[in-house]
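This report describes one protein model, going from the whole chain to selected residues. The sequence and structure come first.

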Amino acid sequence: QVQLVESGGGLVQAGGSLRLSCAASGRTFGAKTMGWFRQAPGKEREFVAGIAWSGGTTSYADSVKGRFTISRDNAANTVYLQMNNLKPEDTAVYYCAAAPVLGAVPRTTGNYNYWGQGTQVTVSS
């Protein structure tokens, strides 16, 4: 099992920044590719960003490209999501997820085996 714990969410004004962290523990060899997803009320959970084990491959949703940056520290078993120029439409619960996949960065929830409990991000206008 892999346990994922997110932190760093909160309330921020439009144009502001937040940095989310996700700490992995347990059988972390199962956390090869890491991803961030988000879910707004009444909407499907959607892919935000993902990063391969090596850190050399990343993928972003078009809606966040150029504003969000995903990174990872494998020594610390932690993945980060730096979110800049936040918009009200970024308001959602953000989830960290892990997939036992090397190289590729899946963008669908079904490819991820482990999930954190989520952290709320609220962007006011």
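Contact here means heavy atoms within 4.5 Å of each other. The model is predicted.

## Overall architecture

The protein has zero helices and 11 strands. From the N terminus on, its elements therefore read β-β-β-β-β-β-β-β-β-β-β. The C-alpha trace spans about 40 × 25 × 25 Å along the principal axes. A compact globule of 125 residues would have a radius of gyration near 14 Å, and the 13 Å of the protein agrees with that.

Of the 125 residues, 46% are buried. Among contacts with a separation of 6 or more, 59% join residues 24 or more positions apart. The protein exposes about 6000 Å², and carbon and sulfur atoms supply 48% of this area. There are 11 positive and 7 negative side chains, and the centres of the two sets lie 5 Å apart.

Arg-67 belongs to the loop between strand E6 (58-60) and strand E7 (68-73). Is Arg-67 buried or exposed? Its relative accessibility is 9%, so Arg-67 counts as buried. Leaving aside neighbours within four places in sequence, Arg-67 is in contact with Gln-82, Met-83, Asn-84, Asn-85, Leu-86, Lys-87 and Asp-90. With Asn-85 there is also a polar approach: a polar atom of the Arg-67 side chain lies 3.0 Å from the backbone oxygen of Asn-85.

Asn-85 sits in the loop between E8 and strand E9 (92-99). Its phi is positive, about 50°, although Asn-85 is not a glycine. With a relative accessible area of 42%, Asn-85 is partly exposed.

Asn-77 is placed in the loop between E7 and strand E8 (78-83). Asn-77 is not a glycine, yet its phi is positive at about 50°. Its relative accessibility of 29% makes Asn-77 partly exposed.

## Tyr-94 in strand E9

Tyr-94 is part of strand E9. Why does Tyr-94 count as buried? Its relative accessibility is 0%, and the limit for a buried residue is under 20%. The side chain of Tyr-94 reaches the backbone oxygen of Asp-90 at 2.6 Å. Asp-90 is also one of the residues in contact with Arg-67.

Ser-21 lies in strand E3 (residues 18-26). At a relative accessible area of 18%, Ser-21 is buried. Not counting residues up to four places away in sequence, Ser-21 touches Val-5, Glu-6, Ser-7, Trp-36, Thr-78, Val-79 and Tyr-80.

Val-64 is found in the loop between E6 and E7. Its relative accessible area is 0%, and Val-64 is therefore buried. Which residues does Val-64 touch, not counting residues up to four places away in sequence? They are Arg-38 and Val-48.

Gly-10 has its place in strand E2 (residues 10-13). With 25% relative accessibility, Gly-10 counts as partly exposed. Leaving aside neighbours within four places in sequence, Gly-10 is in contact with Leu-18, Gln-120, Val-121 and Thr-122.

## Sequence and spatial separations

| Pair | Separation in sequence | C-alpha to C-alpha distance |
|---|---|---|
| Tyr-94 and Ala-14 | 80 residues | 17 Å |
| Val-64 and Gly-50 | 14 residues | 12 Å |
| Gly-10 and Gly-55 | 45 residues | 26 Å |

Note on methods
Residues are numbered from 1 along each chain as its sequence is written. This is a predicted model: local features need pLDDT of at least 70, side-chain atom pairs count only at pLDDT 80 or more; totals for chains, interfaces and linings use all residues. Side-chain values use heavy atoms; hydrogens and water are left out. Helices (H or I, at least four residues) and strands (E, at least two) are DSSP runs, numbered from the N terminus. The radius of gyration is taken over C-alpha atoms; the globule rule is 2.2 Å times the number of residues to the power 0.38. Buried means under 20% relative accessible area, exposed over 50%, partly exposed in between (1.4 Å probe, protein chains only). Accessible areas come from the Shrake-Rupley method with a 1.4 Å probe; for residues, only the protein chains shown count as cover. Lys and Arg count as positive and Asp and Glu as negative; His and the chain ends are not counted. The place of a charge is taken as NZ of Lys, CZ of Arg, CG of Asp or CD of Glu. A polar contact is a pair of N or O atoms within 3.5 Å; within protein, one must be able to donate a hydrogen and the other to accept it, and residues adjacent in sequence count only if both atoms are side-chain atoms.
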